[in-house]
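Please read each point with the coordinates open.

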Protein chains: 2
Amino acid sequence: MQEALLEWKHIFKLDPERELSDEALERICQSGSDAVMVGGSSGVTYDNTVDLLSRIRCFSIPCILEVSSREAVAPGFDFYLVPLVLNASEVDWVVGHHQRALKDYGQLMPWDLLAAEGYIILNGASTAAQLTGSRTELDAKDVLAYALLADRLLRLPVVYLEYSGTFGDMELVTRVKNVLHQARLFYGGGIDSAAKAARAAQAADTIIVGNVIYEDLEQALQTVKAKALED
Amino acid sequence: MQEALLEWKHIFKLDPERELSDEALERICQSGSDAVMVGGSSGVTYDNTVDLLSRIRCFSIPCILEVSSREAVAPGFDFYLVPLVLNASEVDWVVGHHQRALKDYGQLMPWDLLAAEGYIILNGASTAAQLTGSRTELDAKDVLAYALLADRLLRLPVVYLEYSGTFGDMELVTRVKNVLHQARLFYGGGIDSAAKAARAAQAADTIIVGNVIYEDLEQALQTVKAKALED
């Protein structure tokens, strides 16, 4: 199942805390996107995670849980992505929470369905940055060094550039992609149109489209076109 | 060269800050040990590292640098091991120093000659624990969770149980070995006799013998026998 990672070019990210009508969910799940990822930086609970999973399960699209809190880990997803926030200022967000989760559930983990993501959070104003105390005052060389750390030293399967809420520096995203040796590059943040989706899809391997789903569903659905351009 | 890792059963660890006569060094290098590792928790400089390397180079034994500070990184070693202290309380010792080193030298790294070690430091009184602020008040489940983190989530090639200065809990070392899926288990700490070497070699994949070299060279040389027992 780890190989599935390599196929995903476009992923919709759904926040269990936010409302989405059945009709909107159906259109997302039948949009031609490669996968739906469930996750969020706040307000994610076991109940709202399982509820959203059961609604997505009416459709055939692969469903990924991005594990952001121990309490919200639910069985039944096709795949689990575990973020390690490499530029967090506290060790808990790099490996601490993970170690405690493994202490409780280590023997139960579906390792074949699980991969770690090396997160680099780049928008200091985002909830994710505030929560993790991420050091976002980074120059390009800092970001490239984090990417090398994730790709070559830690050999993580995914490097995730997270600009959440703002559209990132595509030149930098391209530079990061060019230094990666084996990891896949995920990009998320500010993709709210087909044009931005196309630019991000040129720079990264996989693009993640989130907020715009809740703000402008038609625009969100248009972003799937970027995938067709790449295929 | 990464495969060499799998062959090493016994390694002598030499501290560049400590004095070792030419005769003692010759006996260490011709002892039948698999490799010599250069490293230490304090007082390691570029000059004393290069000086020790050049003296070891008179012999054919593989020579590894365990990178403990950016300043002491020197070219010319056969292999480089980079410790990530998983139970450190500050992010710098987990990934921070590493990111800064990659910022400076990322494009120059001999990746094929380099591997990361997931360190778990277990003797709270040791220099390494003090330096890194390691959380050493760990129960067996904590240690096993760190091992899973290193082996399965981070997919590091080496898990290193470091009891430096004291002989560890061999039952726990064995339990750690039993949960590892792909990583090799290094054990270091308190091996000061052939008997302890044999016990540690039964529990771990690779044993590291350090301090006793400087305290009782004859006993240190006896520890190489543990390797013969395993072969």
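Predicted model: local features only at pLDDT ≥ 70, side-chain atom pairs only at ≥ 80, totals over all residues.

1. The interface in outline. The contact between the two chains draws on 33 residues of chain B and 34 residues of chain A. The area buried between chain B and chain A comes to about 3,100 Å², and carbon and sulfur atoms contribute 66% of that area.

2. Polar and charged pairs across the interface. Between chain B and chain A there are 7 residue pairs in polar contact, and the salt-bridge rule finds 4 salt bridges across this interface. One that can be inspected directly joins A:Asp139 to B:Lys103, where the closest N and O atoms are 3.3 Å apart. On the side of chain B that touches chain A, at least two residues each are supplied by β4 (79-85), α3 (91-105), β5 (114-121) and α5 (140-153) of chain B. Sorted by class, that side of chain B consists of 20 nonpolar, 5 polar and 8 charged residues.

3. The annotated positions. The unreviewed UniProt entry lists A:Asp15 and A:Ser41 under "binding site". Although these positions are spread over 27 residues of sequence, they cluster in space, with a largest C-alpha distance of 8.6 Å. I would keep the wording of this point tied to the record, since such annotations may be inferred rather than shown by experiment.

4. A:Asp15 counts as buried because its relative accessible area is 17%, and the class requires a value under 20%. Leaving out residues up to four places away in sequence, A:Asp15 touches A:Gly39, A:Gly40, A:Ser42, A:Leu52 and A:Tyr214. A polar atom of the A:Asp15 side chain also lies 2.9 Å from the backbone nitrogen of A:Glu17.

5. Surroundings of A:Ser41. The other listed residue, A:Ser41, lies in the loop between β2 (35-38) and α2 (46-56) of chain A. With a relative accessibility of 37%, A:Ser41 counts as partly exposed. When residues up to four places away in sequence are not counted, A:Ser41 touches A:Thr127, A:Ala128 and A:Leu131.

6. A buried asparagine. Is A:Asn87 buried or exposed? A:Asn87 is buried, because its relative accessible area is 0%. A:Asn87 sits in the loop between β4 (79-85) and α3 (91-105) of chain A, and its side chain reaches the backbone oxygen of A:Ile121 at 2.8 Å. Apart from neighbours within four places in sequence, the residues in contact with A:Asn87 include A:Tyr119, A:Ile120 and A:Ile121, together with A:Gly133, A:Ser134, A:Arg135 and A:Thr136. A:Leu138 and A:Tyr146 are also among the contacts of A:Asn87.

7. Salt bridges involving helix α1. Over all chains, the rule counts 22 salt bridges. In one of them the side chains of A:Asp22 and A:Arg55 meet at 2.9 Å, N to O. This pair links distant parts of the chain, with A:Asp22 in helix α1 and A:Arg55 in helix α2 of chain A, 33 residues apart. A:Asp22 counts as exposed at 56% relative accessibility, whereas A:Arg55 is partly exposed at 22%. A further salt bridge joins A:Glu218 to A:Arg27, the closest N and O atoms being 2.7 Å apart. Here too the pair links distant parts of the chain, for A:Glu218 belongs to helix α9 (residues 217-222) and A:Arg27 to helix α1 of chain A, 191 residues apart. A:Glu218 is partly exposed, with a relative accessible area of 44%, and A:Arg27 is likewise partly exposed, at 31%.

8. Other charged pairs in chain A. The side chains of A:Asp104 and A:Arg70 meet in a salt bridge of 2.8 Å, N to O. A:Asp104 lies in helix α3 of chain A and A:Arg70 in the loop between β3 (63-66) and β4, so the pair, 34 residues apart, links distant parts of the chain. A:Asp104 counts as partly exposed at 45% relative accessibility, and A:Arg70 is partly exposed at 31%. Finally, A:Lys13, A:Glu66 and A:Glu162 are linked in a network of salt bridges.

Technical notes. Residues numbered from 1 in each chain as written. Chains lettered and ligands numbered in written order. Heavy atoms only, no water. Contact = heavy atoms within 4.5 Å. Buried area = accessible area lost by both parts, 1.4 Å probe. Polar contact = N/O pair within 3.5 Å; in protein donor to acceptor, adjacent residues only side chain to side chain. Helix = DSSP H or I, 4+ residues; strand = E, 2+ residues; numbered from the N terminus. Nonpolar A, V, L, I, M, F, W, Y, C, P; charged D, E, K, R; others polar. Buried < 20%, exposed > 50% of the residue type's maximum accessible area, 1.4 Å probe, protein only.
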